[in-house]
Amino acid sequence: MAEGRIPVERRRRKPTKSGVLLSEDVIVDCALRLVGQHGPDALSVRRLGAALGCDPSALYRYFHSTDDLLLAVSDRIIGEAMDGFEPERTTWRDGLREFGLRIHRGYRAHPRVAALAAYRVTRRAHEFRAVDAGIGLLRRAGFGAEDAVRHYSAFVDTVLGHAALDAAYLALPPERREADDRAWTGEYANLSAETHPQLDAARGYLPLMAGSSFEVALELLLTAVEVAAGRNGRTDKLSIRGARE
């Protein structure tokens with residue numbers, strides 16, 4: 001039995017009072033919905049039990065704790081994000097780019113969960129497959145196992161860091177997001193050229209600060225990885241025919 005999982009014989013076999021047949025997937029669905037609607041405080045056995053129409057203690061037949069459930073929720077996001085990803089059908093750089101974009105979009109789609117889960121290690125199936133795919137792409141770039149792991153760690157931390165940052169912004173009330181965005185054409189535009197000459201020179205471009213910098217950061221990181229791979233004197237072994245099929 002995998003660490004932290006609940007034996008099958010302890011799981012509920014009959015519907016709840018509301019007619020719901022409990023399962024890990026049903027509970028994770030409910031947790032995603034409640035946190036999305038009400039924020040992190042909604043991740044409690046009391047709130048989940050009420051939403052599912054069951055005694056809160058029934059949830060412990062599936063998850064040891066709310067933290068165990070949180071890890072399952074995070075793994076669900078990874079699984080949804082990586083669904084259909086086929087790294088073997090593309091070059092290593094394009095594969096890493098798609099990997100990063102998928103994970104970033106996945107957490108942005110659940111901004112209130114991202115603040116809780118983006119920095120966690122789920123120790124579950126979807127994460128296992130994602131890490132295996134990421135390290136595999138870097139080994140195809142020419143890195144040995146140790147360097148592939150080091151570069152993957154830097155890569156995925158960058159992706160998840162931006163995902164958490166952008167998700168936290170999306171979780172703000174609309175009026176606060178709008179106020180932050182207006183700052184680049186408001187307070188920053190009114191600064192004196194004498195006291196802030198560089199901001200004055202870049203005044204026309206400062207509104208770019210209002211958007212996410214993730215895709216720019218991702219391309220910079222991929223270029224750095226490509227340079228490091230070139231120093232190893234290795235190239236992607238994927239054939240052109242295989243990439244196009």
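Because the model is predicted, local features need a pLDDT of at least 70 and side-chain atom pairs count only at pLDDT 80 or more, whereas totals for chains, interfaces and linings use all residues. Residues are numbered from 1 along each chain as its sequence is written, and side-chain values use heavy atoms, with hydrogens and water left out.

The protein chain has 11 helices and 0 strands, where helices (H or I, at least four residues) and strands (E, at least two) are DSSP runs numbered from the N terminus. Of the 245 residues in the protein chain, 37% are buried; here buried means under 20% relative accessible area, exposed means over 50%, and partly exposed lies in between, with a 1.4 Å probe and protein chains only. The accessible surface of the protein chain comes to about 13,900 Å², and 53% of that surface belongs to carbon and sulfur atoms; such areas come from the Shrake-Rupley method with a 1.4 Å probe, and for residues only the protein chains shown count as cover. Among contacts in the chain with a separation of 6 or more, 70% are accounted for by residues 24 or more positions apart, a contact being heavy atoms within 4.5 Å.

In soluble globular proteins, nonpolar side chains tend to be buried together. The term nonpolar core is used here for a set of buried Ala, Val, Leu, Ile, Met, Phe, Trp, Tyr and Cys residues joined through side-chain atoms within 4.5 Å. The largest such core holds 57 residues, and the members that touch the most others are Ile27, Leu69, Phe99, Ile103, Tyr107, Phe143 and Phe155. Two or more residues of this core come from each of α1 (24-38), α2 (45-52), α3 (66-82), α4 (92-108), α5 (111-117), α6 (125-140), α7 (145-170) and α10 (214-231). For Tyr107, leaving aside its neighbours within four places in sequence, the contacts are Ser74, Ile77, Ile78, Ala114, Ala117, Ala118, Leu160, Ala163 and Ala167.

Where is empty space left? Rolling a probe the size of a water molecule over the atoms shows this. On a 1 Å grid over the protein atoms alone, a cavity is a set of points where a 1.4 Å probe fits but cannot get out, and its lining residues have an atom within 4 Å of a point. The structure holds 1 cavity of 30 Å³ or more, and the largest cavity has a volume of about 50 Å³, where grid points are joined across faces, edges and corners and the volume is the space filled by probe spheres set on the points. The lining of the largest cavity consists of Ile27, Val45, Leu48, Leu59, Tyr60, Phe63, Ser65, Thr66 and Leu69, and the elements that give two or more residues to this lining are α2 and α3. By class, 7 of the lining residues are nonpolar, 2 are polar and none is charged, with Ala, Val, Leu, Ile, Met, Phe, Trp, Tyr, Cys and Pro counted as nonpolar, Asp, Glu, Lys and Arg as charged, and the others, Gly among them, as polar.

Two residues of helix α7 can be taken next. Ala148 lies in this helix and counts as buried because its relative accessibility is 0%; its contacts, apart from neighbours within four places in sequence, are Ile135, Leu138, Arg139 and Phe143. The C-alpha atoms of Ala148 and Gly134 are 8.7 Å apart, although these residues are 14 residues apart along the chain. His162, also placed in α7, is buried because its relative accessible area is 14%, and beyond its neighbours within four places in sequence it is in contact with His104, Ser213, Phe214 and Ala217.

Other residues have more accessible area. Phe128 lies in helix α6 and is exposed, since its relative accessible area is 52%; Phe128 and Ile78, 50 residues apart in sequence, are 10.0 Å apart in space, C-alpha to C-alpha. Arg123, in the loop between α5 and α6, is partly exposed at 48% relative accessible area and has a positive phi of about 60° although it is not a glycine. Pro207 sits in the loop between α9 (197-201) and α10 and is partly exposed at 36% relative accessibility; neighbours within four places in sequence aside, Pro207 is in contact with Trp184 and Thr185.

Key
On a 1 Å grid over the protein atoms alone, a cavity is a set of points where a 1.4 Å probe fits but cannot get out, and a pocket is an open set with protein on both sides within 12 Å along at least five of seven lines; lining residues have an atom within 4 Å of a point.
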